[in-house]
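Subject: Structure for you, with notes on its cavities

Hello,

Here is the structure I promised to pass on.

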Amino acid sequence: MNDPANPYDDIRDAIAKLCAQFPGSYWRALDREMGYPTEFVTALTQAGWLGALIPEEYGGSGLPLSAGAAILEEIHKSGGNAGACHAQMYTMGTLLRYGSDSQKQQYLPAIAEGSLRLQAFGVTEPTSGSDTGALKTTAQLDGDHYVINGQKIWTSRAEHSDLMILLARTAPLVEGMKKTQGLSVLLVDMREAIGNGLTIRPIRTMMNHATTEVFFDDLRVPVENLIGDEGKGFSYILSGMNAERILIASECIGDAKWFIDKAVHYAKERSVFGRAIGQNQGIQFPIAKAYANMRSAELMVREALTLYESGENPGAEANMAKMLAADASNEAANVAVQTHGGFGFAEEYDIERKFRETRLYQVAPISTNLILSYLAEHTLELPRSY
């Protein structure tokens, strides 16, 4: 299949060469034991790719978001999964945009060089889900420390991160307040916190995603670890969500391209009843439709990137990019399984693994239904549905 011209060809080529060192057998072995791809993340870090979006003054490459999107897309197009490390690209944005000069000088160079990992994002809670304003984790000021109590869930990579961006309530919710007021962002050094008020419990899931639930029991975090102003944390987190949506959408585009490539190759090689199955319209039409939907989603991703990098606030475009790309990858996954028949369920073909991995994006990091609600309310000006 001919891939349309994409920007950052040099970056894509370099990522493809790096990913070639980590073939399907590498990912299958990790999948069986729910292992973390330490070697892969280390290779990406040492090559500077995880610091690509960090400004040069802090030791990064200072590349735009579109370069980060190309990096993540290519990882997924190569058959890998960036879920083990992609959070660093968007969580560090909170520190970069709202952190103090001393915080940025202390942490960003170490993150860029790889001696520190900022991979954990503590926002979602068991009782609140996507209703972020209803979170119950508290951070109460006690002298020169905040004392944190509560619980987070689906905090991926917590066991493999040194730092966590944590959203907690620093002011009690009282009548007349918006639910999103009184929330603050803290930078938690988990190296010091584990065993001193922080407990991490892994959650086994249908895909190897290294996700956990995290418990805070009188965890003390220094006041100087407050990012930005107290009480403005929700807006800080919200400002990074467009970047998150766009980057995740790019991963979905990479997944869709991988599935389509696999389906096309197998349809050409597999012969039944004396002819290649790809000659049959019942096989080729679904693949062609999956390709068209992938290309449509890819164009929306590019529009969102263009708007983002021009300083716009592309909330609708970022959300549509994520939804359409997740739909495209999910469709392409189904097509790849159907094209391969029984072999689509065989571990050695990697399709069932990637099928499970890409299914996640219908649900997280925001469900398709919430995107539709956002578009209905904010773009179409329909009454709020919740």
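The second largest cavity is lined by Tyr90, Thr91, Thr94, Arg97, Phe121, Ile237, Gly240, Met241 and Glu244. Here a cavity is a set of points, on a 1 Å grid over the protein atoms alone, where a 1.4 Å probe fits but cannot get out; lining residues have an atom within 4 Å of a point. Its space comes to about 70 Å³. Volume means the space filled by probe spheres set on the points, with grid points joined across faces, edges and corners.

Helix 5 (87-98) and helix 9 (241-269) each give two or more residues to this lining. Helix 5 has the largest share, with four residues. Helices are DSSP runs (H or I, at least four residues), numbered from the N terminus.

By class, the lining of the second largest cavity has four nonpolar, three polar and two charged residues. Ala, Val, Leu, Ile, Met, Phe, Trp, Tyr, Cys and Pro count as nonpolar; Asp, Glu, Lys and Arg as charged; the others, Gly among them, as polar.

This is a predicted model: local features need pLDDT of at least 70, side-chain atom pairs count only at pLDDT 80 or more, and totals for chains, interfaces and linings use all residues. Residues are numbered from 1 along each chain as its sequence is written, and side-chain values use heavy atoms, with hydrogens and water left out.

Now the largest cavity. Its volume is about 140 Å³. Its lining has 14 residues, and Trp27, Pro37, Asn81, Ala84 and Asn208 are the closest to the centre. Helix 2 gives the most, three residues.

Best wishes

Methods. On a 1 Å grid over the protein atoms alone, a cavity is a set of points where a 1.4 Å probe fits but cannot get out, and a pocket is an open set with protein on both sides within 12 Å along at least five of seven lines; lining residues have an atom within 4 Å of a point.
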